[in-house]
Amino acid sequence: METAENTFQTDRKALAERLKAILPAHCLLVDDEDLRPYECDGLTAYRELPLAVCLPESEAQVVDILWTCHQLGVPVVARGAGTGLSGGAMPHAQGVVLSMARFNRILRVDRLARLAVVQPGVRNLAVSEAAAPYGLYYAPDPSSQIACTLGGNVAENSGGVHCLKYGLTVHNILRIRVVSIEGEVFEIGSEAPDAPGYDLLALLIGSEGMLGVVTEVTVKLVPKPALAQVVMASFDQVGKAGEAVAAIIAAGIIPAGLEMMDKPATAAVEPYVKAGYDLAAAAILLCESDGTPEEVAEEISRVTAVLTAAGARDIRVSQSEAERLRFWAGRKAAFPAVGRITPDYYCMDGTIPRKRLAEMLAAIAAMEKKYKLRCANVFHAGDGNLHPLIMYDAAKPGEWTRAEAFGAEILELSVRLGGSITGEHGVGIEKINQMCVQYKTRELEVFHRIKAAFDERGLLNPGKAVPSLHRCAEYGQMHVHHGELKFPELERF
Amino acid sequence: MRLSDLVAEMIGAAANNEPLRIRAGGSKDFYGGMLAGKLLDVSAHRGIVAYEPTELYVTARCGTPLVEIEAALAECGQMLAFEPPHFGRATLGGCVAAGLAGPRRQQAGGVRDFVLGVKLVDGRGLVHDFGGQVMKNVAGYDVSRLLAGSLGTLGVLAEVTLKVLPRPRAEQTLRFDLDEGAALALLNEWGGQPLPVSASFWSAGQLWLRLSGAQAAVASAVARLADQFGGQTVDGEKHWISVREQTHPAFAGTCLWRLALPTTTPALGLDGLGAIEWGGGLRWYAGDAVPAAVLRERAEQAGGHAVLYRAPESLRCLEGAFAPLAPPLLALHRRLKKSFDPQGILNPGRLYAEF
């Protein structure tokens, strides 16, 4: 793997001495056995041991750690709960992992202003729990919300089932407090509707820990809908289900959630959660409506009419909160359910225009034959975000390599169909080669310049998210004339 | 005007180190810092490139008039949900570059929330494609949204892809007689309840409230608010256009300040308050009775900022349109500007005098 191992040469002892002067003993891990739990995030296929793990408890310590690393030229990888699926928090062999786990306090919930000020290590679901007594909640709900942290959500611009109606993280954050690699503290965004200057909030959210370290987050809270109900529809053709999704949108309905599972996915899930899915169907759709009881009744009746016209073979509407949760239980448990029927699986995260859904699923079916691996599909149908789960057995020689190639082909097809290589998991280390497919040299150069504007020495999370032009050239997606790279002054990591 | 013509103009300007003033409809010439540089008229680079109602996006060239885009969307029952002002002949490029949203901002979000992708010509004449046409794309830094409100200082937004939304099925307006403090208190209370409030406007003792959404939801909210708070149902269509276009008398005056504040900021008690929008988050002060420094300080103390929105040239030169940036942020802005426009030829001084 190409990272900056050759660029960074850290004196482990000197680094440990400096960090010991900043942090109390219980906040610093340097022994291999203590570092082991940090060697990967949710993408376990890639592992690396860092030189040290810092667990700061105050912003002043974060400032000192970053300043020190900047001075010594040591790479820093910030980390939340480590639930990321693209290796964004995989350590650097010559660097420090900066765990924000101890920044776990909710500082303020303001009912009237409808916002919460939280530390980055606060779990996503904890914010909604704290806001619940006021009838409010935090809308973005990644599937890992019980464990994932707000800081990680900001770094990855996380999504979830509610994105279609309520937006991604970028639409729900008002302000962040950031420490630069040079140890400078600044705030971007505001509790007001906008802030002066460039929209740096948009730039920082989803920047995968490459531009700064977040020490405080102000999130927008929204009123909890009085009622939510879900319609479950099954189809005997995947293409019909895809057309039904388009028909719902065309009818002017933006559901609170619109999710799809194919037959292999329901087959894996049903014995596990007994959600009552139609196992004979080629695909099922879950369409949630939320709002006042009148609003929900109106929307459900319109959705039902659209689904009927689109050729659904069976339609069921949840009649109680318990039933609604049971319908969702299968979708939410899809990953662990697939985990039960295969030793390993590889979850992809491409986004495509909705109208290309059937085409993509047909292509994936062909790839299953080509790579001799099975694949189950669950996805956010409303926004075209696919999560193919490629099943493999890491113990069998060659299977992981085939799974990886299978995943790469799906992503590259996503780009060709007019979509993106990631909808919510980020690029991390996982999709770094596919960035060379999604973007041309020019855009990648701009990304490198932006990176340099925040982190001139390239110390924050090196080797992630934005590939070096050299890497793209090796991946064969870029033509480098006579081996000359443009902008030689920019660091390539 | 083709993209290649635009690129050629940019390369020529870069070669001559010649500052450019990017302009299409010119409807927002009043906004921001001073206009400087040779005119780069992009109004002829126009036309809708793609519109997919079921995918919820529209892609159009920068010189396309907003009215043209909105007419196309209306045919399919859709809209630009941030309800941008037209000020006569606003175009898509200027709309995104200025980042100004209208009354629906409080419910739907601002301009940046709807930007999905851009085709950008930077200060070297290089064409870049950032973002795309899908709702979710988190690959690479989100440059597309960074460009919303950047006032053309980072490049020409040759093409923009925006997310669009269905028009609400029902819409009703209520009017209440309330003083400033009572209106602010109620707006914040209502904001925390599941009410379909899509716009609010307070001026001179009257609060206007627009409710949008499903038929049943609007009808029940209107009944409840009328009953509990004495709101009267009124025909709001012309009113909301006058707010969006700022032709309402509350915006009149030689000098107009725009204060973006936390919605819960109490009445500032300043002489010359014109109007309150966005549930209390946006306050307009007309007139020049309060010195600029005082307004800026008051806004900052409240956790917001003040923009000298519309003013005579002399005052804009003296005060600058936008609130000054903290030193680390200004340094970042300068470095970002340099990375897109190394020679500093794009709309110099339009955002900040420093670049």
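In which sense, right-handed or left-handed, does helix H1(A) pass helix H3(A) in their crossing? In this predicted model, H1(A) passes H3(A) in a right-handed crossing. Helix H1 spans residues 12-22 of chain A and helix H3 spans residues 59-72 of chain A; their axes come within 10 Å and cross at roughly 160°. Because of this angle, H1(A) is roughly antiparallel to H3(A). On the side of H1(A), the contact is made by A:Leu15, A:Arg18, A:Leu19 and A:Ile22. The residues contributed by H3(A) are A:Gln61, A:Asp64, A:Ile65, A:Trp67, A:Thr68, A:Gln71 and A:Leu72. By class, the contact of H1(A) with H3(A) comprises six nonpolar, three polar and two charged residues.

A second pair of helices joins the two chains. In H10(A), the residues A:Glu294, A:Glu295 and A:Glu298 take part, and they meet B:Gln215, B:Ala216, B:Ala217 and B:Ser220 in H7(B). The contact of H10(A) with H7(B) has three charged, two polar and two nonpolar residues.

Two pairings of E14(A) were identified. Strand E12 of chain A (residues 227-235) runs antiparallel to E14(A) and is joined to it by nine bridges; here the bridge partner of A:Met232 is A:Leu286 in E14(A). Strand E13 of chain A (residues 257-262) also pairs with E14(A) in the antiparallel sense, over six bridges. In this pairing, A:Gly257 has A:Glu288 of E14(A) as its bridge partner.

Chain B contains an open sheet of five strands in the order E3-E4-E8-E6-E7, with antiparallel pairing. Strand E3 (48-52) and strand E7 (127-131) of chain B are the edge strands, each pairing on one side only. From one strand to the next, the twist averages 10°. Strand E6 of chain B (residues 115-121) pairs with E7(B) in the antiparallel sense over five bridges, and B:Lys119 has B:Asp129 in E7(B) as its bridge partner. Helix H2 of chain B (residues 66-75) lies across E3 and strand E4 (57-61) of chain B, and runs at about 25° to E3(B).

A:Glu445 is found in helix H16 of chain A, which covers residues 441-454. The relative accessibility of A:Glu445 is 3%, under the 20% limit, so A:Glu445 counts as buried. Its C-alpha atom is separated by 9.8 Å from that of A:Pro467, a residue 22 residues apart from A:Glu445 along the chain.

Notes. Residues numbered from 1 in each chain as written. Chains lettered and ligands numbered in written order. Predicted model: local features only at pLDDT ≥ 70, side-chain atom pairs only at ≥ 80, totals over all residues. Heavy atoms only, no water. Contact = heavy atoms within 4.5 Å. Helix = DSSP H or I, 4+ residues; strand = E, 2+ residues; numbered from the N terminus. Nonpolar A, V, L, I, M, F, W, Y, C, P; charged D, E, K, R; others polar. Pairing = 2+ DSSP bridges. Axes fitted to C-alpha atoms, helices over the stretch in contact; angles between N-to-C directions. Parallel < 35°, antiparallel > 145°, perpendicular 65-115°, else oblique. Left-handed = near helix turned anticlockwise from the far one by under 90°. Buried < 20%, exposed > 50% of the residue type's maximum accessible area, 1.4 Å probe, protein only.
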